[in-house]
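The sequence and model are shown first.

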Amino acid sequence: MPVVNLTPHVVTVVDERSRVIESWPRATHPVRVEAVRVPVPEADGVPAGVPLVAERRTRADLPEPQAGVWFIVSSVVGSAHPERHDLLVPSDLVRDGHGVVTACRSFVISGRPVPARPEPAGR
């Protein structure tokens with residue numbers, strides 16, 4: 001199955017020993033979600049003077065779903081499109097000594113429900 005990276009970063013998947021499993025080049029035209037922020041004057045329980053905003057996010061300009069194709073997107077794009085079942089969001093991020101993400105160990109499949117754990121035998 002083809003995998004298309006729609007993020008502005010190279011996405012590399014590594015195993016538990018940091019060996020590269022697969023890598024995808026960054027997108028020439030990455031998809032993004034824009035945020036519109038509106039100041040909120042106050043909220044119950046939040047100390048006076050703490051800046052607050054409400055945020056509305058736009059939807060990303062994703063390609064149409066294609067049979068057998070997965071799209072790598074950011075968590076923000078994935079959460080803006082819960083109806084899509086063809087999005088892969090990098091997870092279990094690997095960081096270098098400066099905190100910069102260098103790889104991931106897995107992907108979250110957007111829109112896929114988490115299966116319930118089976119009951120232990122004998123219950």
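## Fold, burial and salt bridges

Of the 123 residues in the chain, 26% are buried. The model is predicted. The chain comprises one helix and eight strands, and these elements follow the order β-β-β-β-β-β-α-β-β from the N terminus.

The radius of gyration of the chain is 19 Å, whereas a compact globule of 123 residues would have one near 14 Å. The C-alpha trace spans about 55 × 50 × 40 Å along its principal axes. Among contacts with a separation of 6 or more, 37% involve residues 24 or more positions apart. The chain exposes about 9,000 Å², and carbon and sulfur atoms supply 56% of this area.

The chain carries 14 positive and 14 negative charges, whose mean positions are 4 Å apart. The structure holds six salt bridges, including those in the table.

| Salt bridge | N to O distance |
|---|---|
| Arginine 19 – aspartate 15 | 2.7 Å |
| Arginine 105 – aspartate 92 | 4.0 Å |
| Arginine 59 – glutamate 83 | 2.6 Å |

Arginine 59 lies in the loop between strand E5 (52-57) and strand E6 (70-72), and glutamate 83 in the loop between helix H1 (75-80) and strand E7 (87-95), so this pair ties together parts 24 residues apart in sequence. Glutamate 83 is partly exposed, at 40% relative accessible area. The pair of arginine 105 in strand E8 (residues 101-109) and aspartate 92 in strand E7 also links distant parts of the chain, 13 residues apart. Arginine 105 is partly exposed at 33%, as is aspartate 92 at 42%.

In the remaining pair of the table, aspartate 15 counts as buried with 13% relative accessibility, while arginine 19 is partly exposed at 43%. Elsewhere, salt bridges link Arg37, Glu55 and Arg57 in a network.

Key. Residues numbered from 1 in each chain as written. Predicted model: local features only at pLDDT ≥ 70, side-chain atom pairs only at ≥ 80, totals over all residues. Heavy atoms only, no water. Helix = DSSP H or I, 4+ residues; strand = E, 2+ residues; numbered from the N terminus. Rg over C-alpha atoms; globule rule 2.2 N^0.38 Å. Buried < 20%, exposed > 50% of the residue type's maximum accessible area, 1.4 Å probe, protein only. Contact = heavy atoms within 4.5 Å. Areas by Shrake-Rupley, 256 points an atom, 1.4 Å probe, with all protein chains shown as cover. Lys, Arg positive; Asp, Glu negative; His and termini not counted. Charge placed at Lys NZ, Arg CZ, Asp CG, Glu CD. Salt bridge = Lys/Arg side-chain N within 4 Å of Asp/Glu carboxyl O.
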